[in-house]
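Here's a quick briefing to read alongside the model. Have the sequence and the 3D view open as you go.

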Amino acid sequence: MRELFDEAAGQSPLDPQEAVRRAARAPLRTRFYKEAGVAEAEGGFAITLDGKPIRTPSGRQVVIPSRGLAEAVAAEWSDQKDTIEPTTMPLTRIANSVIEGVVDRVELVSDDLAEYFQSDLLFYRAGHPEGLVAREAAHWDPVLFWAADALGAHFILSEGIMHVKQPDEAVRAARGALPGDAWSVAALHVITTLTGSALLALALAHGARSADQVWAAAYVDEDWNADQWGVDEEAAARRAARLRDFEAAVKVLAAVKSLAAEGP
């Protein structure tokens with residue numbers, strides 16, 4: 001079971017696309033269980049296959065803090081047919097990532113996530129054409145204004161791709177706004193990797209932007225090109241796969257936020 005879970009998780013704690021690539025290369029395994037379920041466990045809820053709790057490759061039991069989120073993970077296992085398709089199990093990959101790669105080093109993962117504030121997608125703007133410039137501003141400026149007003153993080157913009165060093169004060173302010181729990185940090189890391197923007201991920205976590213707004217903002221340039229030249233089918237397929245992972249990470253954030261709102 002551990003080997004199978006390792007494949008379903010993709011063996012990549014923080015990069016969802018690499019996880020998908022590895023999972024896609026692995027041979028498919030025959031479904032060996034009849035039923036996936038959820039059972040109460042210390043600290044939350046366990047995922048079970050025929051009554052046996054799933055464990056990570058290192059032997060750790062996967063315990064999920066929210067029953068609703070645990071049921072969603074179990075549903076991924078239930079939805080598998082004759083063979084198990086790891087690429088269709090984004091919540092399972094995130095769960096494995098949290099238990100294997102984040103719970104014992106939340107601060108280190110947060111520091112790694114904060115590195116994205118040095119070269120965020122939103123900082124590098126097109127100089128032309130005017131339509132693209134305006135579209136980037138419409139999607140990206142509200143996030144930068146929010147970061148400045150709500151967090152005190154004032155970042156520097158650049159035209160083109162020339163790297164610009166961001167003020168240490170701005171990076172520290174944004175870093176300080178990151179959540180402190182392993183599940184949220186892991187979800188934000190996934191969102192950042194998929195969108196190229198830690199600021200978009202942070203705005204989503206704080207409710208400053210919706211999931212739809214964040215996803216649209218991440219693909220401003222691609223959508224502009226599609227409007228001008230038509231949709232590239234391969235790019236569209238890649239985007240659809242990324243969207244599945246993005247939606248899973250958003251679901252994790254929502255579950256953790258809901259749990260926090262409920263209180264002890």
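This is a predicted model: local features need pLDDT of at least 70, side-chain atom pairs count only at pLDDT 80 or more; totals for chains, interfaces and linings use all residues.

Residues are numbered from 1 along each chain as its sequence is written, and side-chain values use heavy atoms, with hydrogens and water left out.

**Overall fold**

- The protein chain has 12 helices and 8 strands; these are DSSP runs numbered from the N terminus, with helices being H or I of at least four residues and strands being E of at least two.
- Of its 264 residues, 48% count as buried (buried means under 20% relative accessible area, exposed over 50%, and partly exposed in between, with a 1.4 Å probe and protein chains only).
- Among contacts with a separation of 6 or more, 66% come from residues 24 or more positions apart; a contact here means heavy atoms within 4.5 Å.

**The largest pocket**

- The largest pocket comes in at about 210 Å³, and 13 residues line it, with Leu-204, Ala-205, Leu-253, Ala-254 and Lys-257 being the closest to its centre.
- On the terms: on a 1 Å grid over the protein atoms alone, a pocket is an open set of points with protein on both sides within 12 Å along at least five of seven lines, and lining residues have an atom within 4 Å of a point.
- Grid points are joined across faces, edges and corners, and the volume is the space filled by probe spheres set on the points.
- Two helices, α9 (198-205) and α12 (233-262), each supply at least two lining residues, and α12 gives the most, with 6 residues.
- By class, the lining has 9 nonpolar, 2 polar and 2 charged residues (Ala, Val, Leu, Ile, Met, Phe, Trp, Tyr, Cys and Pro count as nonpolar, Asp, Glu, Lys and Arg as charged, and the others, Gly among them, as polar).

**Salt bridges**

- Side chains of opposite charge can pair when their charged atoms come close.
- The whole structure has 11 salt bridges, each being a side-chain nitrogen of Lys or Arg within 4 Å of a carboxyl oxygen of Asp or Glu.
- One of them pairs Arg-67 with Glu-40 at 3.7 Å, N to O. The two sit in distant parts of the chain, 27 residues apart, with Arg-67 in helix α3 (residues 67-78) and Glu-40 in strand β2 (residues 36-41).
- Arg-67 is partly exposed at 37% relative accessibility, whereas Glu-40 is exposed at 67%.
- Glu-40 and Arg-67 also belong to a salt-bridge network that takes in Glu-71.
- Asp-227 and Arg-135 form another salt bridge, with their closest N and O atoms 3.0 Å apart.
- Asp-227 is exposed at 51%, and Arg-135 is partly exposed at 26%.
- Arg-239 meets Asp-223 with the closest N and O atoms 2.5 Å apart. Arg-239 is in helix α12 and Asp-223 in helix α11, so this bridge ties together parts 16 residues apart in sequence.
- Arg-239 counts as buried at 17% relative accessibility, while Asp-223 is partly exposed at 25%.

**Backbone details**

- Most residues other than glycine have a negative phi, and most peptide bonds are trans.
- His-128 and Pro-129 are joined by a cis peptide bond, with omega about -10°; Pro-129 lies in the loop between β7 (124-125) and α6.
- Asp-50 isn't a glycine, yet it has a positive phi of about 50°. Look for Asp-50 in the loop between β3 (44-49) and β4 (52-53), where it is partly exposed at 41%.

**Around Ala-41**

- Ala-41 is in strand β2 and is partly exposed, at 21% relative accessibility.
- Leaving aside residues up to four places away in sequence, Ala-41 touches Ala-46, Gln-61 and Val-63.
- Ala-41 and Ile-64 are 23 residues apart in sequence, and their C-alpha atoms are 8.8 Å apart.

Definitions and conventions. On a 1 Å grid over the protein atoms alone, a cavity is a set of points where a 1.4 Å probe fits but cannot get out, and a pocket is an open set with protein on both sides within 12 Å along at least five of seven lines; lining residues have an atom within 4 Å of a point.
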